[in-house]
Amino acid sequence: MISRRTKIVATLGPASSSPEVLEKMIVAGLDVARLNFSHGAPDEHRARAQLVRDIAAKHGRFVALLGDLQGPKIRIAKFTNKRIELAEGDSFRFSVTHPRDAGTQEVVGIDYPDLVKDCSVGDELLLDDGRVVMRVDSATADELHCTVLIGGPLSDNKGINRRGGGLTAPALTAKDKADIKLAAEMDLDYLAVSFPRDAADMELARRLRDEAGSSAWLIAKIERAEAVADDEALDGLIRASDGVMVARGDLGVEIGDAELVGIQKKIILHARRNNKIVITATQMMESMIQNPMPTRAEVSDVANAVLDYTDAVMLSAESAAGEYPIEAIKAMARVCVGAEKHPTSIKSGHRLGQSFERSDESTALAAMYTANHFPGVKAIISLTESGYTPLIMSRIRSSVPIFAFSPHRETQARVAMFRGVQTIPFDPAALPADKVSQSAVDELLKRNIVNVGDWVILTKGDTYHGTGGTNTMKILRVGDSLS
Ligand code: G6P
Ligand code: MG
């Protein structure tokens with residue numbers, strides 16, 4: 001049994017699509033495979049998803065699949081010669097009418113009709129994730145005239161952000177809508193929405209997901225300055241989602257790297273208080289694209305997210321296109337386990353002083369309070385339909401493992417994202433009611449997770465079907481005859 005609690009998401013790409021590499025990644029601890037819809041054809045994603053499911057099944061592992069929508073990233077068009085070199089002080093223009101494939105040293109086209117409307121004189125524009133910076137000096141009806149503040153190379157289709165945010169393209173493009181259908185067809189477990197501005201963007205994604213017949217949980221990528229402008233905006237977006245991703249690439253560019261660490265901590269805290277999942281992402285072990293070892297700073301960064309109590313840490317280019325995808329997973333796993341030993345990750349003040357809203361929530365949190373204060377408790381069994389009961393449990397800091405007992409494939413995969421939760425396939429409805437507790441505890445005994453004399457907590461509802469019904473917590477002693 002794996003003792004690591006923090007989960008590992010890794011992006012699949014050319015470096016991680018062969019069965020051999022993928023198998024080693026899964027054995028090394030991959031919990032969630034991310035399919036990046038910004039790159040690759042539908043057939044490539046289908047093949048990767050199938051491979052992940054086959055290999056996971058072969059090893060008795062439960063690996064979730066996350067599809068990440070490309071979203072409306074605003075990009076410049078192309079240059080006649082693919083790339084230019086800008087120096088500090090140069091003049092440069094962005095034009096909504098300039099031919100799309102004929103950028104020059106002075107001007108480039110841009111596919112964003114509202115550019116002039118959304119920018120004002122004095123604004124700073126960041127290109128290529130902030131590597132090139134310009135200031136807006138003046139505007140015409142279809143062009144922005146700028147001065148280069150930080151120069152460097154600029155090539156075809158690089159992204160553009162405004163410092164402070166506010167470039168407001170709608171969150172779901174035609175390609176995203178097609179990819180939501182693809183995600184439904186592939187039965188993906190999670191769907192990440194890029195650049196949502198507010199709850200309405202997530203509600204639209206949810207409607208399209210439902211129409212497509214998918215049950216994927218929706219992750220809002222927090223990557224616009226507007227999303228973190230105040231608590232109301234952030235909490236609105238969190239509540240409209242099943243989970244969030246601290247998407248540090250674009251967010252860092254818009255709000256500045258200095259603010260990012262504090263904002264990361266806030267997003268993680270707010271997500272957990274709202275009973276939602278949180279993933280910390282982007283450039284976590286960036287140097288491992290070329291090196292077999294992370295830097296001390298990267299180790300610190302991953303450990304910091306673990307101490308903040310993120311559900312998952314994520315690999316991007318490290319696993320998709322780097323030279324050391326397997327080593328990157330091993331390094332993350334090692335760092336997570338090390339950071340989890342820190343005593344601050346055992347005690348919790350989670351929601352002390354707050355009220356609960358639901359009976360299942362109250363039962364789940366009562367179970368955790370007991371588990372954290374009764375040292376004899378070695379495991380928690382949560383009978384669950386959707387994963388919701390163990391999700392609430394796992395919002396609290398604890399060192400007691402939580403086991404999601406569920407008969408459903410979707411739920412078994414989904415909980416692979418939850419911190420401290422593992423799944424055991426189990427169908428209480430197939431058993432006589434007075435045999436459920438005994439059979440559930442026997443599953444843990446069989447796997448050597450508990451021993452005779454240990455205590456176990458079990459939660460369930462009055463019926464064995466339907467989500468939201470958890471209303472019972474039992475404290476059971478392993479070895480007693482249970483009913
Ligand atoms: C299973 C149990 C029920 C419980 C339910 C909770 O179906 O057998 O007794 O009420 O899970 O499911 P949830 O999705 O709310 O965690
Ligand atoms: Mg992004």
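This is a predicted model: local features need pLDDT of at least 70, side-chain atom pairs count only at pLDDT 80 or more; totals for chains, interfaces and linings use all residues.
Student: OK, and how covered is α7 itself?

Tutor: Mostly covered: the helix runs over residues 248-255, and seven of its eight residues are buried.

Student: Which ones are the buried residues?

Tutor: R248, D250, L251, G252, V253, E254 and I255.

Student: What happens just after α7?

Tutor: G256 sits there, and its phi is positive, about 95 degrees.

Student: Switching to E232. Where is that one?

Tutor: E232 is in helix α6, which spans residues 231-239.

Student: Now the big picture. Which domains does the assignment give?

Tutor: Domain 1 is 7-71 + 171-339, domain 2 is 83-162 and domain 3 is 359-477.

Student: How many residues are in contact between domain 1 and domain 2?

Tutor: Four residues of domain 1 are in contact with four of domain 2. On the domain 1 side, the ones touching domain 2 are one nonpolar, one polar and two charged. The centres of the two domains, taken over C-alpha atoms, are 30 Å apart.

Student: What does UniProt list for residues 361-476?

Tutor: The UniProt record, an unreviewed entry, lists them as "domain: Pyruvate kinase C-terminal". In the model, that span is 31% helix and 24% strand, and its end C-alpha atoms lie 21 Å apart.

Student: And ligand 1, which residues come nearest?

Tutor: Of the 16 residues around ligand 1, the nearest are S386, T389, G461, T467 and G469.

Student: What's the shell around ligand 1 like by class?

Tutor: Nine polar, four nonpolar and three charged residues.

Student: Last one: what pLDDT does the protein average?

Tutor: The average is 95, and 99% of the residues score at least 70. For the complex, the predictor gives an ipTM of 0.96 and a pTM of 0.94.

Definitions and conventions. Residues are numbered from 1 along each chain as its sequence is written. Chains are lettered from A and ligands numbered from 1 in the order in which they are written. Helices (H or I, at least four residues) and strands (E, at least two) are DSSP runs, numbered from the N terminus. UniProt positions are given in the numbering used here, feature names are shortened, and annotations may be inferred rather than shown by experiment. A residue is buried if 20 or more other C-beta atoms lie within 10 Å of its own, exposed if 12 or fewer, and partly exposed in between; C-beta atoms are placed from the backbone. A residue is near a molecule or strand if its C-beta atom, placed from the backbone, lies within 6 Å of it. Ala, Val, Leu, Ile, Met, Phe, Trp, Tyr, Cys and Pro count as nonpolar, Asp, Glu, Lys and Arg as charged, and the others, Gly among them, as polar. Domain bounds come from an automatic or database domain assignment. Two residues are in contact if their C-beta atoms, placed from the backbone, lie within 7 Å. pLDDT is the predictor's confidence in each residue, from 0 to 100.
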